[in-house]
Amino acid sequence: MQFVVASHNHDKIEELQRIFRVCNNEVIPYTDLLPKIKFPPEGNRSYEKNASDKALFISKLLPDRLVIADDSGLLLTARPEILGVRTARDLTDYPTPHQYAQHIIRLIQGKNRTFIMQTSIACAHQGKIIKVVDGTLKGQIASTERGINGEGFSRILIPRDSTKTLAQMTFNESYPYLTRARAAEKLIRFLKENRDQC
């Protein structure tokens, strides 16, 4: 299957391409087919709504394509009032992966280090949402950035049953933990089981 991703984030597009390739599927950016367009602003209601709004926006312009979009966020047990569905907007003052990773480390210094990372992927076809899937990861925030196979969150997130950050793992090692991979596998399974509806 080929999916069109509604995103302007080059790193996100590359990760989704790599993840979907594992399952023998292809992801292309919508800008391969359309001029770059400004998306509707993201809200603070839910990951599912933000992902769905982006997928629907592009699906209405490319109705015959399977269009996907995602929204992700980090929830800190020690600071539940920030981040979450507002993660990207709460981190706008920290524009580089190193800066926002250091900011998060400082936020929880001396506090509970547990986190929940969540991704929602919405899939639209013919201007309608056909499925929204979630992927979740729980674990601990590292006290320092570690690893060379990634930046930002991947250098500070330690999955619950591991001692390594995601960036200390190879792609094959980290794949089972990636929230986008967990969501993508659910989506692909749904589409294969419901081919006649898509």
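This is a predicted model: local features need pLDDT of at least 70, side-chain atom pairs count only at pLDDT 80 or more; totals for chains, interfaces and linings use all residues.

User: With which residue does Arg-89 form a salt bridge?

Analyst: A salt bridge here is a side-chain nitrogen of Lys or Arg within 4 Å of a carboxyl oxygen of Asp or Glu. Arg-89 forms one with Glu-42, and the closest N and O atoms of that pair are 2.9 Å apart. Glu-42 lies in the loop between β2 and α2 while Arg-89 lies in helix α3 (residues 87-90), so the pair ties together parts that are 47 residues apart in sequence. These element names follow DSSP runs numbered from the N terminus, helices being H or I of at least four residues and strands E of at least two.

User: Which other residue forms a salt bridge with Glu-42?

Analyst: Lys-54 does, again with the closest N and O atoms 2.9 Å apart. Lys-54 belongs to helix α2 (residues 47-59) and Glu-42 to the loop between β2 (26-29) and α2, so this pair ties together parts that are twelve residues apart in sequence. Lys-54 is buried, with a relative accessible area of 7%, whereas Glu-42 is partly exposed at 29%.

User: How many salt bridges are there by this rule?

Analyst: The count comes to ten. Another of them joins Asp-90 to Arg-86, with the closest N and O atoms 3.7 Å apart. Asp-90 is partly exposed at 29% relative accessible area, and Arg-86 is partly exposed at 26%. Salt bridges can also share partners, and in that way Lys-12, Glu-15, Asp-70 and Arg-180 are joined into one network.

User: What is Thr-87 in contact with, leaving aside its neighbours within four places in sequence?

Analyst: Contact means heavy atoms within 4.5 Å. With those neighbours left aside, Thr-87 is in contact with Ser-72, Gly-73, Leu-74 and Phe-153. Thr-87 is placed in helix α3 and is buried, with a relative accessible area of 4%. A polar atom of the side chain of Thr-87 also lies 2.5 Å from the backbone oxygen of Gly-84.

User: How should I read the order of strands in the sheet?

Analyst: Two strands pair if DSSP finds at least two bridges between them. Here the order is β2-β1-β3-β4-β5-β6, in an open sheet of six strands with mixed pairing. The edge strands are β2 and β6 (157-159), each of which pairs on one side only. From one strand to the next the twist averages 40°, where axes are lines fitted to C-alpha atoms, for helices over the stretch in contact, and angles run from 0 to 180 degrees between N-to-C directions.

User: Which strands does α1 touch where it packs on the sheet?

Analyst: Helix α1 touches β1, β2, β3 and β4, and its direction makes about 160° with that of β2. Helix α2 packs on the sheet as well, touching β3, β4 and β5, and its direction makes about 160° with that of β3.

User: Why is β4 said to be largely enclosed?

Analyst: Ten of the twelve residues of β4 are buried, so the rest of the structure largely encloses the strand. β4 pairs with β3 in the antiparallel sense over ten bridges, and twelve bridges join β4 to β5, also running antiparallel. Ile-116 stands opposite Lys-138 in β5. The hairpin that β4 and β5 form has two residues between the strands, and Gln-126 in the turn has a positive phi of about 55°.

User: What covers the buried residues of α6?

Analyst: The cover includes β1 (2-5), α1 (10-22), β3 (66-76), β4 (114-125) and β5 (128-141). Among the buried residues of α6 are Thr-179, Ala-183, Leu-187 and Leu-191. An α-helix has 3.6 residues a turn, so residues three or four places apart point the same way.

Definitions and conventions
Residues are numbered from 1 along each chain as its sequence is written. Side-chain values use heavy atoms; hydrogens and water are left out. Buried means under 20% relative accessible area, exposed over 50%, partly exposed in between (1.4 Å probe, protein chains only). A polar contact is a pair of N or O atoms within 3.5 Å; within protein, one must be able to donate a hydrogen and the other to accept it, and residues adjacent in sequence count only if both atoms are side-chain atoms.
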